[in-house]
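Here is my note on the model you asked me to look over. I have put it as numbered points so that you can follow along in your viewer.

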Amino acid sequence: MRGLPFCVLLFIIIGTNSFAASVEDAMHLVEENRFEEAIHILELEANKNDHEAQYELGKIIFYSGKGEKDPTKGANLLREAASSGNIKAIRELGLIYYNGWFLDVKRYDAARAMFEIGANAGDAESKYYLGNMYLSGLDVKIDHNKALYYYKQASLSGCKKANFKIGYLYCIESSSVYNLRLAKEYLKKIYKESAPSSFLLALICSDDDGCSDEDYFKYIKTSHDLGFHHAIARLADCYFSGIGVQRDFVKAINLYKEGSFLGNVDCMNKLAYLYAEGIIVPCDQRMARSYLNRASCASDNKVDMFFDLEH
């Protein structure tokens, strides 16, 4: 008996592998930016009511713009996955409502409903966002105790960013949960990888007699190195005055100028003063007035803004 032609064998092999392709295979293709192939596999699986395929395909179509971008179709796929109990899809729908993505308004009521389902199923991100809602009073009354409860549950479930929110809550003097010792405990868990946490630790340290100048400098420098521009003025002050580090006027001036370029009002005001008085830099009244004018016109995001409590 003659064997099958090579082209037929090849078709059988490729065809068999194609039908055996899984959602996992599709996601490997996404990592390789082979979206067209990935979408083809996900569509096949989604049509078989595979809720994981519906979830992944829904995200791609809703967010990325790779292939066919259709927020409505993407959201519908996420809803199909959610109706099958896919917790990631439920959380994703919650985020869409929470942020108002492709909606006329943010729908906090619908977001809370999704996050509550996710939280009850053990999803860390859902717990985190419920904490945000109670912290900021989004569709609920502000309740620091409930916010703290959900943040702690999120932290225990592996959500590292919840530690910052826990630390922040413990820093609110008017709150019933105010406790600086516990604030430092949680913030220290993630300060090396979280600019807001290291900056907040520095603020606590600046008012804590038991905190050394070296610790203050360490936290401020970490925050700056992680890209938080509000830390620039304080780090420059450390080099200018020798707080926790050897005095270095060159680094101080460079940092003040960096901060000024980024719109930091404190840095602009400091440079205006230094140029007006001729301290370290040549006395230059024109430069001093220039920095003062820039400072008066600048819209510098102050510390309250950096906490970005809804995210």
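**Notes on the model**

1. Let me begin inside helix α8, where Leu130 is found. Please keep in mind that this is a predicted model. Is Leu130 buried or exposed? Leu130 counts as buried because its relative accessibility is 0%, and the cut-off for that label is under 20%. Not counting residues up to four places away in sequence, Leu130 touches Arg112, Phe115, Glu116, Ala119 and Tyr150.

2. What Lys127 does have is a polar contact from its side chain to the side chain of Ser157, at 2.7 Å. Ser157 is also among the residues that Lys127 touches, and the others are Ala119, Gly122, Tyr150, Gln153 and Ala154, leaving out residues up to four places away in sequence.

3. Now for the whole chain. The secondary structure comes to 18 helices and zero strands. Of the 311 residues, 46% count as buried. Among contacts with a separation of 6 or more, 45% are between residues 24 or more positions apart. The accessible surface comes to about 16,700 Å², and carbon and sulfur atoms hold 52% of that.

4. In soluble globular proteins, nonpolar side chains tend to be buried together. Here the largest nonpolar core has 83 residues, and the members that touch the most others are Tyr98, Phe115, Tyr151, Leu169, Tyr170, Leu200 and Tyr256. Apart from that core lies another of 16 residues, including Val23, Leu29, Ile39 and Leu42.

5. On to charge pairs: a search of the whole structure finds 13 salt bridges. One of them joins the side chains of Lys88 and Glu52, at 2.5 Å from N to O. Lys88 lies in helix α6 and Glu52 in helix α4 (residues 51–64), so this pair ties together parts that are 36 residues apart in sequence. Both ends are partly exposed, Lys88 with a relative accessible area of 31% and Glu52 with 22%.

6. Two loops are linked by another pair. Lys160 forms a salt bridge with Glu193, with 3.6 Å between the closest N and O atoms. Lys160 sits in the loop between α9 and α10, and Glu193 in the loop between α11 and α12, so parts 33 residues apart in sequence are tied together.

7. Asp225 and Lys221 also meet in a salt bridge, at 2.8 Å from N to O. These two are four residues apart in helix α13, about one helical turn.

8. Finally, two backbone angles for you to inspect. Most residues other than glycine have a negative phi. Asn33 has a positive phi near 60°; Asn33 is placed in the loop between α2 and α3 and is exposed at 57% relative accessible area. Phi of Phe102 is positive too, near 60°. Phe102 lies in the loop between α6 and α7 and is exposed, at 55%.

How values were computed
Residues are numbered from 1 along each chain as its sequence is written. This is a predicted model: local features need pLDDT of at least 70, side-chain atom pairs count only at pLDDT 80 or more; totals for chains, interfaces and linings use all residues. Side-chain values use heavy atoms; hydrogens and water are left out. Buried means under 20% relative accessible area, exposed over 50%, partly exposed in between (1.4 Å probe, protein chains only). Contact means heavy atoms within 4.5 Å. Accessible areas come from the Shrake-Rupley method with a 1.4 Å probe; for residues, only the protein chains shown count as cover. A nonpolar core is a set of buried Ala, Val, Leu, Ile, Met, Phe, Trp, Tyr and Cys residues joined through side-chain atoms within 4.5 Å. A polar contact is a pair of N or O atoms within 3.5 Å; within protein, one must be able to donate a hydrogen and the other to accept it, and residues adjacent in sequence count only if both atoms are side-chain atoms. A salt bridge is a side-chain nitrogen of Lys or Arg within 4 Å of a carboxyl oxygen of Asp or Glu.
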